[in-house]
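Hi,

Here is the structure I promised to pass on. Have a look first, and my notes follow below.

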Amino acid sequence: MSSTTDRPAAPEGESLLGRRGLGDRIFQGAATAAGVSIMVALAAVFVFLAIRGSAGFTADKSLYAPYTSFSPYAAGLLFGTALVAVLAMAIAMPFAIGVALFLSHYGPRRLVTPIAYVIDLLAAVPSVVFGLWGLKALAPASKPIQEWLNAELGWVPLFGGTLSATGRTVFLAAIVLAIMILPIATAICREVFSKTPRLHEEAALALGATRWEMVRYAVLPHSRSGIIAGMMLGLGRALGETMAVLLVLNAQGPKVTFKILTSDNPATIASNIAQNFHGEDVDLQVVLLATGLVLFVFTFLVNFAARWIVARSERRFS
Amino acid sequence: MTHIRRAVVPGVAVLALALSLSACSDDDKGGTDGGSGVSGLSGDVAAGGSSAQESAQEAWRAGFGADNPDVTITYDAVGSGTGRENFISGAYLFAGSDSAMSDDEIASATETCGATPIEFPAFISPVDVVYNLDGVDDLQLSPATIAGIFNGSITTWDDDAIKADNPDADLPSTDITPVHRSDSSGTTDNFTDYLEKAAGDVWKTPHSSDWPTTTGETGEGTSGMVDSVKAGDGTIGYADDAGVQGSGLAIAKIKVGDTYVAPSADGAAAALAASERTAGTEESIITFDLNRTSTDPSTYPIFLASYEIACPSYDDADAAKVVKGFLSYVISENGQKAAAANAFSAELPRDIADQAQAQIDKIS
Amino acid sequence: MSVTDDYAADFATTALPLTAARLPRQAPLLAGVVALALGGLVGVVLQIPWVAVLVLAAAVLVVALPTWAYAVEGRRGAVDRLMTILVCYAVLGALVPLVWVLSYTFIQGIPAIDWSFLTHDQTSRLDPVTFKQLPGAGIKHAILGTLVVTAGAAVISVPIGLMTAIYLVEYGKGSALARIVTILVDVMTGIPSIVAGLFAVALFTELGDPGTRSGIMGSVALSLLMIPTVVRAGEEMMRLVPADLREASYALGVPKWRTILKVVIPTAFGGILTGVMLAISRVIGETAPLLVAVGAVDVVNTNILSGRMETLPVFIISKYKQGQDPLELAWGAALLLIIIVMVLNLAARIIGKIFAPKTGH
């Protein structure tokens, strides 16, 4: 991916002229300042969260209902956040890869442009609209599927338990989130698929490979890190999604349960903040800010791990 | 310098669009307002709090704005707790709150205002018990039965307790799915307050804005509650009357004394009139211990009384005039009629309104 | 490796004649029609809904075509057919929710949209007799607010984001600062949107009085969410610019900054613009940060520096939560929001196409 820029530094203007132009120095200064400003902004957010939220780690016991201290409370919320996001990821990824393959290798040219545009449109639908649609249209429509899963596959712990009467379950929230992260995951996958060296593809085809074999042996190995990057961006978005989850999920505060078809669902950190921040209990706000810090750190760890995987696989393939 | 132009074009396009639209809007305004208002009041006032009051506040601002075109009042429906907090911090000049201020809050607010704040009820709305059950459209419930349903001890619709309340109805054996509000709300506070006071031993938890348990179906906001009840069969929930109107949901009749009473604005107003002033408060704090246990069949005991909180004096004299004028309109007959017509609330009993007006008159 | 064994085995059996047996060109079409007909037949007989008929037909196709191909073309052909079908299903599957959301929003929202909906704010008049609010209230204030707040966010985040991307790609290569910034951009994608809003509130209330709410606060909150997307898009696209182009420019004696502005950015322009548009469409529908930072108001306010502003997403959610109003207004606003984003998106694409230099690839 970086092969085009990793070459030894080009003999730039300054080495010929012996000095660097004023314009160059100003421009480099501005670029560096922009990079530094990101550090400052982030530090400001972190410091703000830490200062305002620090009291939330050791607040009054009653604020952590149904638990009595911060750790299980945050862990329960984190569990809900991760459960919904990972399920969404698992649903979205096959579709994202399929669509990206269609756009990069399978689709006829006259279909690729409109379909790429239409998938991008999915990113243009605001989360609150997805939330309302999920609540009013998808929830009733998905009820037969949920009933079927519960009845036929109820022995799988995931689908067991008493079926929710309204369909507003983790299952539904994961589907809505999967739809929401599809465009970004697709865009990244498509990008890396289309960057497969033309030579590898043509070599595969020349050896008599079918189209799928070409994809399987030339495109996918080359794109593994890119696919992970796409998943990571999608996951990042799913973890922080607030409004759609708030509307779609029948959340019951922090709790740990793997049953995704019942009405007894864990809340996610973001939806829990949005739900309770303007509540009657003003003291709860510091606890919510502290959970915001947890989400912040958790998302960072996920991103960091993913980046590490990307870097490792890049090393392996170079 | 084409490159800069290229990068800037979309941004400029958006800005230009926004500016041209805003230019139109300024023209519009100039055309309709025709200069300063007749009342002489002007200025911006920020307020906020109870989301139950939101529709009523909209109507009040519409009514008040007609006579005071130069006044802009904003009302953030951020929730009662945040509303009171922002009032105490001085961010809001007045606040709407579904529950009365605590003694601590009154003390802090006194510091902010420089004198004891003013608090009075302005918005009274019945809370309906709504349900969705095939084939049953005339449900009657006693307080103990409602408490049993919501605490989970009554689980099917053909339970003996429900049969006893509905001797004539043909009740199916469907499972009951109680629905509660997922957000913190004054509606929940008043509903649980009713259960605590009226249901006796059956309801054991104290009233609170957050639902005491974390199981069962939930709804976010009044709409979420109505949607959840609609979405299932055998569901039952509680919602502000305003949110239920036009939703097509069936409304249960509640046992008061020996009869079953349907929710009504008049019933809620009568129940407030039958309530006692909170003991031991200053004259300017007009709050009530809500009477949920009256046996008078003209009262409807599940209702929400939402208060307005304001300072008796403000640093900014113009703002003081606006607050005074607006709150006077709110409790005036016209103001209460506007709220009743648009938010389905009950009109404030006139004697309470008169007490409140006496306090509002002191605002300066 | 087994891969080569597979190849060898397959070639041994199928590659001897120069042209292997193939299904006729129209085979997928034929199989599709047959599957649909079969599904339809079963649907009519069993009286199942049309969605189930389509699912059934899809299932028949996914089994029938590869089986046929297996009989004629062998195992490799069958796998190829199967994967092609699955890829196409993925596209159809992705289109279903989109069409559904858009048509649902359209059907719910279109009755609300008329001239006065677009040209009035929410201040209404009361009927003097019944005290009912008169109809005719609209969302002009929310449209303007959304445009102003989002434009503000773009004005803040596009320069910062692009300059950061330039720093990462062109100047900071391999330096410690660049590594830190790269990580921090990752961290930034993890800022929960509502926390961005709370941060903006904390920042501005520190400077002003506690009740301060303004459009610029929303812009700051949104730009926190937008910057990482812009940086990533810019970085990704600038890295794609071949080093040959840069070197050719340097060889002509063009200074580095002119090279970046004249060669790198224009070459990557289409991709950058698309990235920026995606970033805008991501934040334009953000609700939670605007709810806390910008507040809500009934009237038009286009002064980004002072006073509450209404925005479309906040309008939608508050109308929903308010409950009593017909939701038509909320859906109308949702439809309009989608249309605005679509138009911006389309415009960006057209502009990108016009301005982007022709590349060889």
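How many Å separate the centres of domain 1 of chain C and domain 2 of chain C? The answer is 39 Å, with the centres taken over C-alpha atoms. Domain 1 of chain C covers 21-110 and domain 2 covers 140-355; such bounds come from an automatic or database domain assignment. Five residues from domain 1 of chain C and five residues from domain 2 of chain C make up the contact, where two residues are in contact if their C-beta atoms, placed from the backbone, lie within 7 Å. On the domain 1 side, two of these residues are nonpolar, three are polar and none is charged. For the classes, Ala, Val, Leu, Ile, Met, Phe, Trp, Tyr, Cys and Pro count as nonpolar, Asp, Glu, Lys and Arg as charged, and the others, Gly among them, as polar.

Some housekeeping before the rest. This is a predicted model, in which local features need pLDDT of at least 70 and side-chain atom pairs count only at pLDDT 80 or more, while totals for chains, interfaces and linings use all residues. Residues are numbered from 1 along each chain as its sequence is written, and chains are lettered from A and ligands numbered from 1 in the order in which they are written.

What about chain B itself? It has 13 helices and 14 strands; helices (H or I, at least four residues) and strands (E, at least two) are DSSP runs, numbered from the N terminus. Of its 364 residues, 55% count as buried, a label for a residue with 20 or more other C-beta atoms within 10 Å of its own, all C-beta atoms being placed from the backbone. Take the contacts in chain B between residues at least 6 apart in sequence: 73% of them join residues at least 24 apart.

Strand 6 (residues 177-181) of chain B is worth a look. Five of its five residues are buried, with B:Thr177, B:Val179 and B:Arg181 on one side and B:Pro178 and B:His180 on the other. Strand 6 of chain B runs parallel to strand 8 (residues 235-240) of chain B, joined by two bridges, and B:Pro178 has B:Ile236 as its bridge partner there. Strand 6 of chain B also pairs in the parallel sense with strand 7 (residues 217-219) of chain B over three bridges, and B:Arg181 is partnered by B:Gly219. Pairing here requires that DSSP finds at least two bridges between two strands.

Finally, chain B has an open sheet of three strands in the order 5-10-11, with mixed pairing. Strand 5 (140-141) and strand 11 (259-261) of chain B are at the edges with a single partner strand each, so one side of each has no neighbour in the sheet. Strand 10 (residues 253-256) and strand 11 of chain B are antiparallel, with three bridges, and B:Val256 has B:Thr259 in strand 11 as its bridge partner.

Cheers

Methods. Buried ≥ 20, exposed ≤ 12 C-beta atoms within 10 Å, placed from the backbone.
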